[in-house]
Amino acid sequence: RAARAAPCRPRALVSAAAGSDANICIVGGGFGGLNTALKLAALPWEGAQRPKITLIDRSDRHVFLPMLYDLTCGDVSEWEVAPRFDELLVGTGVEHVQGELVALDTGTRELTVRGAEGRQTLAYDKLVLALGAQPVKPPAKGTMTFRTLDDALALRFKLRALLASGAPLVRVLVVGASYSGIELSTQLARTLGPRRGLVTLVGRADAVLKSGAKGSQEASVEALRAAGVELILNRDVELDGPSRARLVEVRSATTDADVPSAAAAAEYVDADLVVWCAGSAPLSRAAELRLPLAVDGRIATTSTLGVRDLPDVFAIGDMAACEPLGESDANAQNAQVAVQQAEYASYNVWAALSGKEPMPYRYLKAGEMLAFGPTDASVNAFNMFNIGGLPGATIRRAAYLYRMPTGAHKAKVGFSWAFDAALRSADAVLGRARKTQSTI
């Protein structure tokens with residue numbers, strides 16, 4: 001087992017074996033972890049069987065990751081997409097402990113958490129691990145990643161500094177032509193505008209969004225064209241410091257002639273800012289915790305999301321690899337998978353403590369969404385049809401509002417977005433009126 005610190009008991013949970021109700025610990029407050037905690041709290045526990053539910057996360061906020069692009073470009077406020085746990089969990093019966101998991105002892109069913117006040121040991125009867133993944137580390141210092149709230153805020157600050165510097169053109173290089181890279185590059189290009197910004201997107205594959213639906217791929221290519229993003233495909237990126245990249249052709253692939261590839265023969269790209277969006281990897285913590293691992297380095301689970309050979313431990317989200325029943329997308333690293341796994345994990349934890357039969361995880365891919373700007377998005381429904389433009393952007397906002405974690409937060413965010421939309425409409429009407437008056 002991983003080395004453990006000496007138990008520190010001031011806030012340790014009392015084991016259910018000592019005569020109290022069961023203790024459920026959930027590590028990770030992203031889509032999988034937070035939804036698991038909320039759904040467990042809402043399940044029909046009977047009297048004294050109601051467990052104590054503790055949500056552990058190193059941050060004090062839940063981050064709505066698919067809208068970090070909107071936050072970076074100033075289209076939403078921080079409180080809307082990164083609400084505090086202490087506000088979200090009011091009235092739910094879920095306790096939030098801020099800290100990082102540093103050790104796990106599955107024999108004694110204890111975990112050690114390191115927070116601002118030092119280490120503490122928490123006992124559990126059932127444990128759900130929803131720790132997420134980590135971005136691939138960029139190969140050069142000064143290169144930014146884009147996966148966390150801190151990343152989004154740092155990128156926004158850097159862009160503002162570059163714009164305020166008086167530079168005639170802000171050059172941004174985005175590495176990785178999948179979902180994150182496409183959404184970020186199109187939104188940055190539209191925000192900066194052609195007069196102040198030049199955004200270049202480099203991808204290793206011979207087409208954008210290789211794992212996406214065909215409709216999403218076509219919409220992405222068109223959005224990149226419309227936003228003025230320079231697209232270079234079939235290239236590996238070697239960074240020579242934080243502002244210069246050497247592009248090396250991937251000779252095993254052929255560039256798609258239908259995709260606009262700017263400067264295909266270019267050897268170097270200079271940039272004021274490099275953002276690395278190329279891939280993610282399982283947290284190294286998975287191996288450190290000495291849990292069973294799948295071949296890809298993620299925690300191996302059964303079809304009911306329980307960790308193999310550990311009946312009291314479950315794992316979901318980006319760092320888990322389950323035995324899927326159905327299509328291979330069941331193990332994809334995205335919010336849709338995490339939310340659906342939370343449904344099954346919460347039920348199966350409840351079932352284990354209530355003497356019920358667990359349910360095998362079954363994934364339903366409802367589609368995918370990409371945002372290209374505040375009034376342009378692509379919504380692909382069940383890989384059957386695509387909705388783009390303003391209707392797509394409206395559907396995306398509505399879907400994400402629905403996915404906000406609590407009713408109270410949905411109401412506040414919905415009112416804020418409606419108010420902002422009303423202001424934009426009023427500004428548009430007044431702008432047209434002023435233009436009409438100036439031409440009379």
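**Charged pairs and ring contacts**

Author: Start with a charged pair. Arg-246 and Glu-238 form a salt bridge, and their closest N and O atoms are 3.3 Å apart. The model is a predicted one, so every value here is computed from predicted coordinates. Arg-246 has a relative accessible area of 30%, so Arg-246 is partly exposed. Glu-238 is partly exposed as well, at 42%.

Arg-235 lies 12 residues away in sequence, yet the two C-alpha atoms are 5.7 Å apart.

Now the other salt bridges. The whole structure holds 21 of them. One of these joins Lys-52 to Glu-95, with 3.5 Å between the closest N and O atoms. This pair links distant parts of the chain. Lys-52 belongs to strand β2 (residues 52-57), Glu-95 to strand β3 (residues 94-98), and 43 residues separate the two. Lys-52 is partly exposed because its relative accessibility is 40%. Glu-95 is partly exposed because its value is 26%.

Another salt bridge runs between Arg-298 and Asp-296. Here the closest N and O atoms are 2.9 Å apart. The two ends fall in separate burial classes. Arg-298 has 8% relative accessibility, which is under the 20% cut-off, so Arg-298 counts as buried. Asp-296 has 38%, so Asp-296 is partly exposed. Some salt bridges share partners. Those that do join Arg-109, Asp-125, Lys-126 and Asp-312 into one network.

Turn to the rings. How many aromatic pairs are there? The count comes to 6. Where do the two partners lie? Tyr-344 is in helix α9, residues 335-354. Tyr-361 is in the loop between α9 and β21 (367-373). The partners are 17 residues apart in sequence, so the pair ties together those two parts. Both Tyr-344 and Tyr-361 are buried.

Helix α9 carries another pair. Tyr-347 and Trp-350 form an aromatic pair that is tilted, with 5.4 Å centre to centre and 45° between the planes. Both residues lie in helix α9, 3 residues apart, which is about one turn of the helix. Tyr-347 has a relative accessible area of 25%, so Tyr-347 is partly exposed. Trp-350 has 12%, so Trp-350 counts as buried.

Ring pairs link Phe-31, Phe-64 and Tyr-400 into a cluster.

Charges meet rings too. Arg-397 lies over the face of Trp-417, 4.4 Å from the ring centre. The charged end of Lys-410 sits over the ring of Tyr-402, at 4.9 Å from its centre.

Then the surface. Leu-364, Phe-382, Met-384 and Phe-385 make a nonpolar surface patch of about 480 Å². Take Phe-382 from that patch. Phe-382 is found in the loop between β22 (376-381) and β23 (385-387). Is Phe-382 buried or partly exposed? Its relative accessible area is 47%, so Phe-382 is partly exposed.

Last, the cysteines. A disulfide is a covalent bond between the sulfur atoms of two cysteines. A search of the whole structure finds 0 disulfides. Cys-25 has a relative accessible area of 0%, so Cys-25 is buried. Cys-73 has 15%, which is under 20%, so Cys-73 is buried too.

How values were computed: Residues numbered from 1 in each chain as written. Predicted model: local features only at pLDDT ≥ 70, side-chain atom pairs only at ≥ 80, totals over all residues. Heavy atoms only, no water. Patch = residues over 30% accessible without salt bridge, like charges linked within 9 Å, V, L, I, M, F, W, Y side chains within 5 Å. Areas by Shrake-Rupley, 256 points an atom, 1.4 Å probe, with all protein chains shown as cover. Salt bridge = Lys/Arg side-chain N within 4 Å of Asp/Glu carboxyl O. Helix = DSSP H or I, 4+ residues; strand = E, 2+ residues; numbered from the N terminus. Buried < 20%, exposed > 50% of the residue type's maximum accessible area, 1.4 Å probe, protein only. Phe/Tyr/Trp six-rings, centres within 6.5 Å; stacked < 30°, edge-to-face > 60°. Lys NZ or Arg CZ within 6 Å of the ring centre and 35° of its normal. Disulfide = S-S within 2.5 Å.
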